[in-house]
Amino acid sequence: CQGCVPTMTRAVVVNAAQLASYSQSKQFLLGLGYFHDNILCHFCASMISGLVTTAASMPVDIAKTRIQNMKMIDGKPEYRNGLDVLVRVIRQEGFFSLWKGFTPYYARLGPHTVLTFIFLEQMNKFYKKYFLDQ
């Protein structure tokens, strides 16, 4: 299927970046001494995680989209693979074009990340309180 591997790659990058950056951001904020383990800390860590995830996933997302939309030229696919897409984009459009549309992408991913992790933290709190008696 055209674009299956890039779609799976994007999913891996998004989830790895989100999970790792949220945990690191939360620990960093708690270490500053200005935050407590509460919803404000979770919100701020989630927004940082959204930024990191956006920056990490946009190049992969561009490769995925271009592979899914590629045309056949003289019976051959336009691109060989995701790396070929990235190399061509950098050569033809410039390195920073990999992050074209950063703001709308973050505007979509940021709130999603915030809701995901705030919900996760609240569910963990509920579980600890009612099932682990902590």
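1. Basis. Residues are numbered from 1 along each chain as its sequence is written, and side-chain values use heavy atoms, with hydrogens and water left out. Because the model is predicted, local features need pLDDT of at least 70 and side-chain atom pairs count only at pLDDT 80 or more, while totals for chains, interfaces and linings use all residues.

2. Helix pair. The axes (lines fitted to C-alpha atoms, for helices over the stretch in contact) of helix α2, residues 39–68, and helix α4, residues 102–131, come within 7 Å and cross at roughly 135°. That makes α2 oblique to α4, since angles under 35 degrees count as roughly parallel, over 145 as roughly antiparallel, 65 to 115 as roughly perpendicular and the rest as oblique. The residues of this contact divide into 13 nonpolar, 10 polar and two charged, where Asp, Glu, Lys and Arg count as charged, Ala, Val, Leu, Ile, Met, Phe, Trp, Tyr, Cys and Pro as nonpolar, and the others, Gly among them, as polar.

3. Largest pocket. Its volume is about 170 Å³, and its lining includes Lys26, Asp37, His42 and Lys128. Helix α4 gives the most to this lining, with five residues, and by class the lining has one nonpolar, four polar and five charged residues.

4. Asp74. This residue, which lies in the loop between β1 (72–73) and β2 (76–77), has a positive phi of about 55° although it is not a glycine. Most residues other than glycine have a negative phi. At 78% relative accessibility, Asp74 counts as exposed (buried means under 20%, exposed over 50%, partly exposed in between, with a 1.4 Å probe and protein chains only).

Terms used:
Axes fitted to C-alpha atoms, helices over the stretch in contact; angles between N-to-C directions. Helix = DSSP H or I, 4+ residues; strand = E, 2+ residues; numbered from the N terminus. 1 Å grid on protein atoms, 1.4 Å probe; cavity = no way out; pocket = protein on both sides within 12 Å on 5 of 7 lines; lining within 4 Å. Points joined across faces, edges and corners; volume = space filled by probe spheres on them.
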